Structure formats: C-alpha cells, structure tokens
Amino acid sequence: MVFAGIVANEPVDAAKVAKAEKIILGLQARLPAYTAKGAGPFVAAVYDRQGNLVAEAANSVVNGRCSHNHAEMNAIHLAEEKLGTYDLSPYHLHLYVTAEPCVMCMGGIMWSGIEAVYYGVPSKRVEEITGFDEGYKPDWQQAFRERGITVYGNIASEAGEKVLQRYMDEGRTVYKPERSQSIL
Ligand SMILES: [Zn+2]
C-alpha cells in the first residue's frame with residue numbers, strides 16, 4: 001500500500017488507510033445511483049468501530065431544496081435519527097466521505113460527536129475541478145486533533161477526482177448562492 005499524499009493528524013496507521021480506501025471507493029462507485037435521483041456529487045457514510053454501516057447519504061441540496069443538505073450533514077442526521085440522539089460520541093462512530101468537508105460540514109462534524117473523519121479529494125482539488133466554494137477552514141485538522149477527532153485525507157483521491165470530473169462533464173449543477181441575482 002502506498003501512502004503518498006495521505007494526510008493525517010496522527011501518525012499514519014496502515015490498517016486505517018486500507019479500510020478507509022475500501023469504503024471510500026465503494027461510496028464513489030455508488031454515486032451514479034444518487035445522481036440519477038438528482039443528488040450528489042459527494043457521498044458520505046457513518047460506520048461504527050466494528051465496521052458496521054450506520055448511515056449513508058449523498059448531497060441532496062438540489063433535489064431536497066436545502067443549502068445544508070451536504071453528504072456529511074445528511075449522513076450524520078440519519079445516524080442521529082437512527083440512534084435517537086444528538087450526541088454520537090458514546091457510539092464511537094467514524095465518518096467516511098468522498099471529498100474533504102467544507103466549512104459547514106467541518107462544523108457539523110465537530111458538533112456531532114463523530115470520532116474520526118476519513119476523506120477523499122482535498123478541498124483545493126474539489127474547487128479546481130468543480131467550482132464549489134469550500135469556505136475558510138484554517139488549521140481544521142489541528143483543531144480536530146485538539147478535540148480528539150482523528151482525521152485522514154486524500155484517500156482514493158485520484159479515483160475521486162475522476163468521479164467529480166465526470167459529474168462536471170455530465171453538465172450537472174454546481175449549487176451555490178449566485179449572489180448577483182435578485183427576486184425583489
Ligand atoms: Zn459540506
């Protein structure tokens with residue numbers, strides 16, 4: 001296994017990277033099923049420490065008509081609903097997502113009690129490929145470390161970039177506030 005490009009806020013653990021790569025490649029593979037319903041292009045899943053799936057979701061900003069329906073927020077929401085709690089920390093849950101969390105999801109993850117985050121394509125590449133605005137996140141991985149939240153990134157990111165490029169090539173929506181428009 002090659003660790004070139006992997007970023008982490010702890011010494012890199014080969015077993016964690018291998019497990020995360022398998023899960024994130026699976027999330028990438030399931031994206032077409034979500035885009036067919038008007039969702040995507042990001043997919044996230046919550047697993048417990050034993051590797052059991054708790055919740056999985058794609059972005060549903062466009063088809064759900066809600067600006068905060070990002071994949072991470074949706075997956076966390078589903079997990080909390082399923083477990084009947086606003087605090088996931090007693091369950092020791094891990095979030096896997098096909099791209100680096102944006103500024104909103106960074107906050108959402110922090111507030112949820114998620115124990116570890118594994119992401120694919122880094123924000124800089126997401127912005128270059130798609131034009132999504134990932135927001136301002138100074139030293140977020142260090143800030144998570146200070147709160148005991150593990151972060152690993154750039155996992156299966158080359159394959160993830162191809163998935164995002166395909167989304168763009170299909171002419172799908174890059175949802176964001178247009179700011180210049182007015183209905184008043
Ligand atoms: Zn987000």
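**Entry 1: ground rules.** I number residues from 1 along each chain, as its sequence is written. Because the model is predicted, local features need pLDDT of at least 70 and side-chain atom pairs count only at pLDDT 80 or more, while totals for chains, interfaces and linings use all residues.

**Entry 2: the sheet.** I looked up the strand order first. Helices (H or I, at least four residues) and strands (E, at least two) are DSSP runs, numbered from the N terminus. Two strands pair if DSSP finds at least two bridges between them. I found an open sheet of 6 strands in the order S1-S6-S5-S4-S2-S3, with mixed pairing. Strand S1 (7-8) and strand S3 (53-58) are its edge strands, each pairing on one side only.

**Entry 3: strand S5.** How many residues of strand S5 (residues 116-121) are buried? A residue is buried if 20 or more other C-beta atoms lie within 10 Å of its own, exposed if 12 or fewer, and partly exposed in between, with C-beta atoms placed from the backbone. I noted that 6 of the 6 residues of S5 are buried, so this strand is largely enclosed by the rest of the structure.

I then looked up the pairing of S5. Strand S4 (residues 93-99) pairs with S5 in the parallel sense over 5 bridges. Across this pairing, Leu95 stands opposite Val117 in S5, and Tyr96 stands opposite Tyr118 in S5. Strand S6 (residues 150-153) also runs parallel to S5, joined to it by 3 bridges. Here Ala116 has Thr150 in S6 as its bridge partner.

**Entry 4: the crossover.** I traced the path from S4 through helix H4 (residues 103-112) to S5 and recorded a right-handed β-α-β unit. A crossover is right-handed if, with the strands pointing away from the viewer, the path from the first strand over the helix to the second runs clockwise.

**Entry 5: helices H1 and H7.** Two packed helices are described by the angle between their axes and the distance between the axes. Axes are lines fitted to C-alpha atoms, for helices over the stretch in contact, and angles run from 0 to 180 degrees between N-to-C directions. For helix H1 (residues 14-35) and helix H7 (residues 157-169), the axes come within 10 Å and cross at roughly 10°. H1 is therefore roughly parallel to H7 (angles under 35 degrees count as roughly parallel, over 145 as roughly antiparallel, 65 to 115 as roughly perpendicular and the rest as oblique).

Which residues meet between H1 and H7? Leu25, Gln28, Leu31 and Thr35 in H1 meet Ala159, Gly160, Val163 and Tyr167 in H7; contact requires C-beta atoms, placed from the backbone, to lie within 7 Å.

**Entry 6: backbone details.** I found a cis peptide bond between Gly40 and Pro41, with omega about 15°. Pro41 lies in the loop between H1 and strand S2 (43-48).

I also looked up two residues other than glycine with positive phi. Arg65 has phi near 50° and sits in the loop between helix H2 (61-64) and helix H3 (71-83). Is Arg65 buried or exposed? Arg65 counts as exposed, because it has 8 C-beta neighbours inside 10 Å. His92 has a positive phi of about 50° and is found in the loop between H3 and S4. His92 is partly exposed, with 13 other C-beta atoms within 10 Å.

Terms used:
Two residues are in contact if their C-beta atoms, placed from the backbone, lie within 7 Å.
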